[in-house]
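Open the model in your viewer and keep the selection panel at hand. We go from the whole chain down to single residues.

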Amino acid sequence: NVMMLFGPPGSGKGTQGPKIEAMLGIPQLSTGDMLRAAVKNQTEIGKKAQGIMKAGGLVGDDIVVGIIKDRIAEPDCKFGFILDGFPRTQPQAKALDKMLAEEGACVSKVIELNVPDSILEERICGRWIHKASGASYHVKYAPPKSMKLGADGKPDPASMLDDATSEPLMQRPDDTASALVNRLKEYHRMTKPILKHYQPHGVVGSVNANQEMTKVWADMQANLKSGK
Ligand code: AP5
Ligand code: ZN
């Protein structure tokens, strides 16, 4: 069972992924989260990826393919996994097919989160994350319980705490309007075209991701059940 969440930055991959994870009992693998962990730990890969990610570019295919290859060899991936943010280029898609074919597997479902670019800046610039768990919050659409507004009407950064652990939340260095321009450019230039690679196999389902999170999830469940 190999599932893929497909959509531009801010479309809701990280928000919806954990719900599928809980429903199907297979792990969500986010190459973005893995690369951010490498940056935090200042590994060789992290040092190479840091500047590229901050500017909103794509990290090299060899690096991300290597990361995914190692990750899917772990025991918790034995019954399947949910890919979030991978593959993002034609060579990555080909490398994935090859890795899966070696195990006699293939991509069983792709869910495309459809959303107009125009709403993504608000989503990205309002996002706060809990680094340890990857949980995503939003100042307007999914505020943490602890959030307090300052005199300027903006959230007080000290009040942005994770609901589960009360640890501080942070904003991603690439969640700026200018980096988003590059991230969207790369999405349309390199990533969106690879959806065509999966369409002939009849595994692509599209969901309207420009609606409330609970509605997006309901549509995803319907899509998974119908098998379309
Ligand atoms: P990655 O971490 O994958 O970032 P991304 O693809 O840009 O996607 P995001 O995480 O920004 O968006 P999301 O869809 O997860 O949105 P979320 O659910 O959090 O990659 C980061 C970087 O790493 C890349 O730019 C690249 O440099 C590198 N990289 C990663 N993978 C790579 C690869 N394979 N090859 C090369 N380089 C790679 O939602 C966003 C916000 O909106 C949240 O605040 C959320 O609360 C809110 N929200 C979500 N849904 C809704 C809704 N329905 N209504 C209102 N608000 C909502
Ligand atoms: Zn994400």
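Start with the whole protein chain. Of its 228 residues, 35% count as buried. A residue is buried if 20 or more other C-beta atoms lie within 10 Å of its own, exposed if 12 or fewer, and partly exposed in between, with C-beta atoms placed from the backbone.

A word on the source: this is a predicted model, where local features need pLDDT of at least 70, side-chain atom pairs count only at pLDDT 80 or more, and totals for chains, interfaces and linings use all residues. Residues are numbered from 1 along each chain as its sequence is written, while chains are lettered from A and ligands numbered from 1 in the order in which they are written.

Stay zoomed out. The C-alpha atoms fill a box of roughly 60 × 40 × 35 Å along the principal axes. Switch to cartoon: the protein chain has nine helices and seven strands. These are DSSP runs, helices being H or I of at least four residues and strands E of at least two, numbered from the N terminus.

Next, select strand 3 (residues 81-84). Phe81 and Leu83 point one way, Ile82 and Asp84 the other way, and all are buried. In a regular strand the side chains alternate between the two faces of the sheet.

Two strands pair if DSSP finds at least two bridges between them.

- Strand 1 (residues 2-6) pairs with strand 3 in the parallel sense over four bridges. Val2 stands opposite Phe81.
- Strand 2 (residues 28-30) runs parallel to strand 3, joined by three bridges. Ser30 has Asp84 as its bridge partner.

Now select ligand 1. Which residues come nearest? Of the 37 residues around ligand 1, they are Pro9, Gly14, Gly32, Gly85 and Arg127. A residue is near a molecule if its C-beta atom, placed from the backbone, lies within 6 Å of it.

Colour the shell by element. Helix 1 (13-24), helix 2 (31-40), helix 3 (44-55), strand 6 (136-138) and helix 9 (213-226) each supply at least two residues. Then colour by domain, with bounds from an automatic or database domain assignment. Domain 1 (2-116 + 177-226) and domain 2 (127-170) each give at least three residues to the shell.

Last stop: Thr176, in the loop between strand 6 and helix 7 (177-191). Is Thr176 buried, partly exposed or exposed? Thr176 counts as partly exposed, because it has 17 C-beta neighbours inside 10 Å.
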